[in-house]
Amino acid sequence: MVSATRIFPNLYRDSISLMQLSAVLAARPGIDNVSAVMATPANLALLAEAGLAPGRVAAGPNDLLIVARGKDSAAVTAALDAAAAEIARPTVAAAGVAGPSLPRSLRSARLQVPAANLALVSTPGEYAAAEAMKALRLGLNVMLFSDNVDLDDEVALKRLAKARGLMVMGPDCGTAIVNGVPLGFANAVRRGAIGVVGASGTGTQQVTCLVHRLGAGISHAIGTGGHDLSRRVGGITMVQGIRALAADQATKVIVLISKPPAPEVARAVLKAARNCGKPVVVNFIGAAPDSVRGQNLHVAATLDHAARVAVALAQGGAPPGPDLGQLPPVRLGPMAAGQRYVRGLYSGGTFCYEASAMLGAALGTVWSNAPVDPRRRLGDARKSKGHTLIDLGDDAFTRGHPHPMIDFRLRNERLLREAEDAEVAAIVLDVVLGFGAHPDPAAELAPVIEKARATVRRRGREIAVVGFVCGTELDPQGLDRQANALRSAGMILTESNAQAARLAASIAGGRR
Amino acid sequence: MNPLLSAPLSVLNVGVGSFADAIASQGGTATRIDWTPPAQGDRAAGMALARLVNHPRIEAANAKAYRKLVAAQPRLIGIGVAGKTLPGIGRRMILHAGPPIAWARMCGPMQGAIIGAILFEGWATSAAKARALAASGKIGFAPCHHHGAVGPMAGIISPSMPVWAIENAAGGNRTYSNLNEGLGKVLRFGANGAEVIERLRWMRTVLAPTLQAGLARLGPVELKPLMAQALHMGDEVHNRNAAATSLLIKKLAPALLKSGAASADIAATIEFMAGTDHFFLNLSMAACKAMLDAAHGVPYSSLVTTMARNGVDFGIRVGGLGRRWFTAPAPVVDGLYFAGYAMADAAADLGDSAITETAGIGGFAMAAAPAIVKFVGGTAADALANTVAMTHITLGRNNAFTLPALDFAGTPCGIDARLVVDTGILPVINTGIAHKAPGVGQIGAGVTRAPLACFTQAVTALAAAVKG
């Protein structure tokens, strides 16, 4: 193995572009590992953790650094040359629409576009709070996609926003839809009467997609970020979101999505919900349904249930019960004795969390790197035991690597490894479509699912690969195209995360 | 109620570019921002800056300061003697370029020029004695800027030197500059031999009185229209002054001929000006200072009112922060060098002439000067790009100085220290390059950038001022 580095001085690229570049380079022949980063101290530390320590390099935070490791120097040099060519190539948008003089700061952009009403901030976390502060001072609402923002900064930003009649969605807000326009990682959905306020990006994606697939539509989906309902922040954005949707003419029904908040925060949020004058569907993911009371409040047991209740209410019907309805048939050959465990490999943290709660209720002990019950935390997230559900979007996996919704390498390797385990009966996968996600997830997953099933069959066993596609036919990847390709590879597809968890539980539960 | 949900969504996108594509594909409006980490990654300075964005006190102060800057009408009113004219100058005082600096830290050309000035004043009889006197502490050294003046390169002004006097007709404030000696072995590059001293004496005894006689006949010369015209003739009035000098001669020659001065003196004066392409530079600089001084002193203003270098430190001053200098090491200019010289021979950036960029000409008006584009990358497009880039860090465009190549847009004018820190775009400065040894002279020219550290310090100080 040989390593080499290349530095592009004073060249800034955003982290997602660099992750995409890293993924392309890693797929080159003879390349073992490669990472393209802005050479901040934090990123240099991550490189070291990933075993790509570049040694002493004359690169600083404004310099783009690429480190490549491969079988010989020819392969490494070729990869670095390819990187240079890729970096030199102007993006279509930069070359076409923008011209030579894009605004260089929020302030100058604001002067150019007086009608601007929202700043979408997705810079590295250490700079994000400052950009959000500028946006608020310029009278703009903020969606803060960036994560790793200090909680103190979040509190300060949200208080400033509130004082100025503005809203901060985030930090760590992955998904929002405002006036039909997707922000961040969102799906293309019909417009309609259901408004969402979500502390979870994938939770919001699930509900908006299911609402669309049930024939209804979304007025707005407001993201709060994952820390909004903590004691420190106190649900400032969620309360603002409820009030904004309450005042919004198009919204008839409001859906709230969050992991169970701190009790006093829950009280404040539910008080705002009770007083908002519209039906509110509440899904505190994994929480006991009796934690929510109120005339206009409807408790949903799952994200799937939340979507169905909201659609029924929006259409003037009675809210349905939590029953998940008909599950797809499982037509598999006989499994071997001893195959009894579920292994979930999730790219969405909320999907992992909801499934953990459901499987825990159905099957008992469920291990995870992001467990519902803290006592069930896996010692080593890279090794499964018993029923194990893994959130591959967790920091432990994404440090120095692209997110699993964009880069399938980690999940594909893990999928093959879990299939080798003679005790595994079912593997659960989430497949997320929409803006920001991989352009063709099925193309990445289908061959690996086929390979895993073939391996298992050669050993005289059978395995269920269960999952769901979170997306719509309007998404760039196309729901039907993705679903058909995955079904052809032998994946058993349900409509939702909850259904997939229920199906996996019934497969494993029948084999105890 | 927040109108976000009822108004059409218009997004400013900072960060991941593909998010803007998704927004556009779904019928939304997204404006991309070409973002880099503010303050070149200095997080604390970036956060201090963020709290000053759209700050009402600063915006109001800058609006006022900017109005004064563009309203200023500098005009040449005459020639005086430094020791009798410059405010606060002492009898044994020598002024120099850039921020304050002690003798021991001065660069070679500045020390050489000070030795020359001591010889010129007759305070010492040899270079060695002059050096000893300079080091003895018996001579006061102060920045030109502290006494209403500016000087190119070493910027040395001693009491008996003649100075141009400029008055801002709109504000009444006056500024001064020494007279340009031409190229080659000259004091401002640190030369101090007999021919240099002899020329300085001739300038004092012949050139200055003759010019003064002409000016007395002519009356005040409005400098702003003259500079504007020169911009239309290929000068940027910092590194190229050929047109402006010609225009000045055109104005002065008839008055000189009618002034009653000796015809031999008039001939020598016109000949000297005609042989000195940069003769106008010192007037350009003093005119710029007159405009910027008018704008200085508005509390809380983040307008940069001075950029100057002493060959060791680069310093700036900011309108709302009084007389404080914010300094950083002066860069060595990576420019074009005359045959036989290289970057290793160069002194660090030197001179008060960056006052021209501070006022929005010079490097900021590069689009006006295609003849010298070799300094900025070689093509006319590079020159335009330099000017356009400066619009990101300036408060406005000065419609008194228009640029034909940019459809007569005004020059980017009025550097806001906040914008420099926010965008990381550093003010561009066209400059000559001095040899680091005294007296060798100019060895090249090129483009340099003001160091970011000056601006981050200023922004941090402004943040404290606004809080306090």
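**Entry 1: salt bridges between the chains**

I looked for salt bridges across the interface of chain A and chain B and found 3. The model is a predicted one. I noted one of the pairs, Arg43(B) with Asp150(A). Their closest N and O atoms are 3.9 Å apart. The cut-off is 4 Å, so this pair counts as a salt bridge.

I then turned to polar contacts across the interface of chain A and chain B. There are 18 residue pairs, with both residues at pLDDT 80 or more.

**Entry 2: extent of the contact**

Together the two chains bury about 5100 Å² between them. Of that area, 64% lies on carbon and sulfur atoms.

**Entry 3: a sheet built from both chains**

E4(A) pairs with strand E1 (residues 10-14) of chain B. The sense is parallel, and there are 4 bridges. At one of these places I found Leu120(A) with Asn13(B) as its bridge partner in E1(B).

I wrote down the whole order: E6(A)-E5(A)-E4(A)-E1(B)-E2(B). This is an open sheet of 5 strands with parallel pairing. Which strands stand at the edges? They are strand E6 (168-169) of chain A and strand E2 (29-33) of chain B. Each has a single partner strand, so one side of each has no neighbour in the sheet.

Helix H6(A) packs on this sheet. I saw it touch E4, E5 and E6 of chain A, together with E1 of chain B. The direction of H6(A) makes about 165° with that of E5(A).

H1(B) lies across E4 of chain A together with E1 and E2 of chain B. Its angle to E2(B) is about 165°.

At the chain A end of the order, strand E5 (residues 141-144) of chain A is joined to E6(A) by 2 bridges. These two strands run parallel. Val142(A) stands opposite Val168(A) in E6(A).

I went on to the loop between E6 and strand E7 (175-178) of chain A, where Pro171(A) sits. A cis peptide bond joins Gly170(A) to Pro171(A), with omega about 5°. Asp172(A) lies in the loop between E6 and E7 of chain A as well. Its phi is near 60°, a positive value in a residue other than glycine.

**Entry 4: a hairpin**

E7(A) and E8(A) run antiparallel and are joined by 4 bridges. Val178(A) has Val181(A) as its bridge partner in E8(A). The two strands form a hairpin with 2 residues between them. In the turn, Asn179(A) has a positive phi of about 50°.

**Entry 5: salt bridges overall**

Last, I counted salt bridges over all chains and got 32. One of them joins Lys158(A) to Glu154(A), with the closest N and O atoms 2.9 Å apart. Why are Lys158(A) and Glu154(A) separated by about one helical turn? The reason is that they are 4 residues apart in helix H7 (residues 151-163) of chain A.

Methods:
Residues are numbered from 1 along each chain as its sequence is written. Chains are lettered from A and ligands numbered from 1 in the order in which they are written. This is a predicted model: local features need pLDDT of at least 70, side-chain atom pairs count only at pLDDT 80 or more; totals for chains, interfaces and linings use all residues. Side-chain values use heavy atoms; hydrogens and water are left out. Buried area is the accessible area (1.4 Å probe) that two parts lose on being put together, summed over both. A salt bridge is a side-chain nitrogen of Lys or Arg within 4 Å of a carboxyl oxygen of Asp or Glu. A polar contact is a pair of N or O atoms within 3.5 Å; within protein, one must be able to donate a hydrogen and the other to accept it, and residues adjacent in sequence count only if both atoms are side-chain atoms. Two strands pair if DSSP finds at least two bridges between them. Contact means heavy atoms within 4.5 Å. Axes are lines fitted to C-alpha atoms, for helices over the stretch in contact, and angles run from 0 to 180 degrees between N-to-C directions.
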